[in-house]
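Q: Could you walk me through this fold, beginning with the terms you rely on?

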Amino acid sequence: MTANRVCLESSALTAVSFSPESNVLEVEFRNGLTYEYLGVSRSLYEQLLTASSKGAFLVRFIRNCFPYRRTRELNHSD
């Protein structure tokens with residue numbers, strides 16, 4: 001994925017990256033999980049970056065609105 005990772009000040013999200021070539025938004029959560037959301041526009045990504053609550057924006061406008069896949073999981077040493 002050709003994208004720049006942007007670290008966020010958010011209680012729910014650690015970082016995001018966006019690939020304009022494929023319209024894929026990658027979201028890294030504080031719990032260690034990473035998801036890719038497919039078909040996200042550049043303008044929606046830019047709105048996420050400027051939202052006062054990144055987590056609330058993600059829930060309202062991205063999660064369950066776009067197809068997604070989990071790309072990384074927590075590593076448990078159980």
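A: Two strands count as paired if DSSP finds at least two bridges between them, and helices (H or I, at least four residues) and strands (E, at least two) are DSSP runs, numbered from the N terminus. This is a predicted model, in which local features need pLDDT of at least 70 and side-chain atom pairs count only at pLDDT 80 or more, while totals for chains, interfaces and linings use all residues. Residues are numbered from 1 along each chain as its sequence is written, and side-chain values use heavy atoms, with hydrogens and water left out.

Q: Fine, so in what order do the strands of the sheet come?

A: The open sheet has 5 strands in the order β1-β2-β3-β4-β5, and their pairing is antiparallel. Because β1 (4-7) and β5 (68-72) stand at the edges with a single partner strand each, one side of each has no neighbour in the sheet. On average, neighbouring strands are turned by 25° against each other, direction ignored; axes here are lines fitted to C-alpha atoms, for helices over the stretch in contact, and angles run from 0 to 180 degrees between N-to-C directions.

Q: How many bridges join β2 to β3?

A: There are 6 bridges between β2 and β3, which run antiparallel, and Ser17 has Glu26 in β3 as its bridge partner. β1 and β2 pair in the antiparallel sense over 4 bridges, with Asn4 opposite Phe18 in β2, and these two strands form a hairpin with 5 residues between them.

Q: Which strands does each helix touch?

A: Helix α1 (residues 42-50) packs on the sheet and touches β1, β2 (13-19) and β3 (24-29), its direction making about 155° with that of β2. Helix α2 (residues 54-61) also packs on the sheet, touching β2, β3 and β4, and its direction makes about 55° with that of β2. Contact here means heavy atoms within 4.5 Å.

Q: How do the axes of α1 and α2 cross?

A: The axes of α1 and α2 come within 8 Å and cross at roughly 150°. The contact is made by Leu44, Gln47, Leu48 and Leu49 of α1 together with Lys54, Phe57, Leu58 and Phe61 of α2.

Q: Is β2 mostly covered or exposed?

A: β2 is mostly covered, as 7 of its 7 residues are buried, where buried means under 20% relative accessible area, exposed over 50%, and partly exposed in between (1.4 Å probe, protein chains only).

Q: Changing topic, how many disulfides does a search of the whole structure find?

A: The search finds 0 disulfides, a disulfide being a pair of cysteine sulfur atoms within 2.5 Å. Cys7 counts as exposed because its relative accessibility is 59%, whereas Cys65, at 48%, counts as partly exposed.

Q: What about backbone angles, say phi of Asn23?

A: Phi of Asn23 is near 55°, a positive value in a residue other than glycine. Asn23 lies in the hairpin of β2 and β3, which has 4 residues between the strands, and at 30% relative accessibility Asn23 counts as partly exposed.

Q: And where is Asn64 found?

A: Asn64 is in the loop between α2 and β5, and has a positive phi of about 65° although it is not a glycine. Its relative accessibility is 64%, so Asn64 counts as exposed.
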